[in-house]
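Dear colleague,

Please find the structure below, followed by an account of what was found in it. I would be grateful if you could read the two side by side.

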Amino acid sequence: MKYYIIAGEASGDLHGSNLIKALKQKDSEAQIRCWGGDLMQKAGGDLAKHYKEMAFMGFLEVIKNIPTIFKNISFCKEDIQRFNPDLIIFIDFSGFNLRIAKWAKKSGFKTNYYISPQIWASREGRIEKIKRDIDNMYVILPFEKDFYEKKHNYPVHFVGHPLIDAIENTEIVDEATFRQTNNLHPQKPIIALLPGSRKQEVQKMLDVMLSVSSDFSEYQFVIAGAPSLSDDFYKGFLEEHEVGYVSNQTYSLLKHSHAALVTSGTATLETALFEIPQVVCYKGNWISYQIAKRIITLDYISLVNLIMDKEVVKELIQNELTVKNLRQELSKIVEGKERERILSDYKTLKEKLGGNGASQLAAKLIIENA
C-alpha cells in the first residue's frame, strides 16, 4: 500500500520513524511519502518537506508566518494528490493536520490520526472536526481513551506510548565514553538541560536555566542540543557559561544524568522514563501565554503530572520561573526525600503507560483498518 504521513516536529519525526519501520515490516510493498525529518527519511520515508521549515511556536509566531503556513498547506494538498496514497496518517501537529484532514476526507482519502491532538487540554470543540474528518484515531496516553469514548462517544484505539519503544531502540553509549567524547568532566554528576527544540523557546529557556549553574559547582551542567538547531546557535550560551554541550544525544545524556531542568513537552516524559528527577520549566511570549492561559483547561502542563493526575514533578511556569525558585527546586531533587519520592512515582507512571510495542500495534491496526 501507499502511505502518506505528516509530522511537523522533532517528536513526531521520532515516532513517525518507528511507525515507518513497523509499517515496512508488516507490509513488504509499502511505499511511504512523508513530512517529517531526518529520522523518518532514514527509516525509509520519501521526504516531501522537513519539519524545520514548519515549526512555529506560540500564537504571535504563527500569525507572523501565516503566508508560509498557507503555502505549505497548498503544497501538501498538491503533493498528496500527485502521490495518491491508499491512506494518510497524521501525527500530532494539529493546527496543520486538521486542516489537511478536512480536505483529505472530502477528497475521498482514508484518514488516520496517530498521537491525538491535545484537545483534552484546549479547544475541546475540535472533537467535532475529528469525528467528521478522521476515520481512525490511535491514542498513546491512557486517559485519552476514556476522554474520547466515554465523554465524546468516539471510538479510538489505545496503543501505548511509543517513547518506550524509542528509548529501547536507541543505542546508549557507556558513561565513560560519553563523557570523554563530549569533553565532559570525568566524575562530576550531570545536570541535564533540555531547553526545547524551537529557536524561540530555547532562547527564552537557556538563560534562566544556566543562571543557577554557578550555585551547583559540584555538578556538571550539560545542554542537550536539539537536532533542529545548529551547533552555532548554542555557541553564545557556551561562551558565557562553563557548561557542557552535546548534540543529538539526548537519550545518552539522560541515561547518565543525576537530575534535569526540562522545558515542558515530550521531554518531561522522556526524562521520567529514564528515571531522572526533574524541574519542569516554561516561559513563553507574554501575549501568547495570556491567550493560552485562557483556553487551556489543565491543572498541569507536563505529561508526567497529567498522566499521574497529581504533582509528581515541580512546574515553574511563566512568572514562577525565577532564578530563586529554580535554585530552590533544583536543590530539592539532587538529594533527599523529594528525590526519592519522585523516583517512586516514576515507577507507577511506567506501569500506567503499559509496555513496549506501541509502534508495532499502531502499524498493525492501521493496516487492518485500511
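Helices (H or I, at least four residues) and strands (E, at least two) are DSSP runs, numbered from the N terminus. The model is a predicted one, in which local features need pLDDT of at least 70 and side-chain atom pairs count only at pLDDT 80 or more, while totals for chains, interfaces and linings use all residues. Residues are numbered from 1 along each chain as its sequence is written, and side-chain values use heavy atoms, with hydrogens and water left out.

Helix α16

Valine 334 lies in helix α16, as does serine 331, the helix covering residues 323-334. At 7% relative accessibility, valine 334 counts as buried, and at 36% serine 331 counts as partly exposed; buried means under 20% relative accessible area, exposed over 50%, and partly exposed in between (1.4 Å probe, protein chains only). Setting aside neighbours within four places in sequence, valine 334 is in contact with Ile191, Tyr219, His258, Ala259 and Arg339, where contact means heavy atoms within 4.5 Å. Valine 334 and alanine 260 are 74 residues apart along the chain, and their C-alpha atoms are separated by 9.2 Å. For serine 331 and phenylalanine 216, 115 residues apart in sequence, the C-alpha to C-alpha distance is 8.5 Å.

Helix α1 and its partners

Helix α1 spans residues 10-26 and packs with helix α18 (residues 358-368) at an angle of about 55 degrees, the axes being 8 Å apart. Axes are lines fitted to C-alpha atoms, for helices over the stretch in contact, and angles run from 0 to 180 degrees between N-to-C directions. The pair α1 and α18 is therefore oblique. Angles under 35 degrees count as roughly parallel, over 145 as roughly antiparallel, 65 to 115 as roughly perpendicular and the rest as oblique. On the α1 side, Asn18, Leu19, Ala22, Leu23, Gln25 and Lys26 meet Ser359, Gln360, Ala362, Ala363, Lys364, Ile366 and Ile367 of α18. This contact of α1 with α18 comprises 7 nonpolar, 4 polar and 2 charged residues; Ala, Val, Leu, Ile, Met, Phe, Trp, Tyr, Cys and Pro count as nonpolar, Asp, Glu, Lys and Arg as charged, and the others, Gly among them, as polar.

With helix α8 (residues 162-169), α1 packs at about 80 degrees, with axes 10 Å apart, and the two are therefore roughly perpendicular. Here Leu14, His15 and Asn18 of α1 meet Pro162, Leu163, Ala166 and Asn169 of α8. The residues of this contact of α1 with α8 divide into 4 nonpolar, 3 polar and no charged. Among the buried residues of α1 are Leu14, His15, Asn18, Leu19, Ala22 and Leu23.

Serine 252 belongs to helix α12 (residues 250-255) and is buried, with a relative accessible area of 6%. Not counting residues up to four places away in sequence, serine 252 touches Glu171, Ile172, Val173 and Phe178.

Most residues other than glycine have a negative phi. Asparagine 248, in the loop between β10 (244-247) and α12, has a positive phi of about 55 degrees although it is not a glycine. Isoleucine 115, in the loop between β5 (110-114) and α6 (127-133), also has a positive value, near 80 degrees. Asparagine 248 counts as exposed at 55% relative accessibility, whereas isoleucine 115 is buried, with a relative accessible area of 8%.

With kind regards
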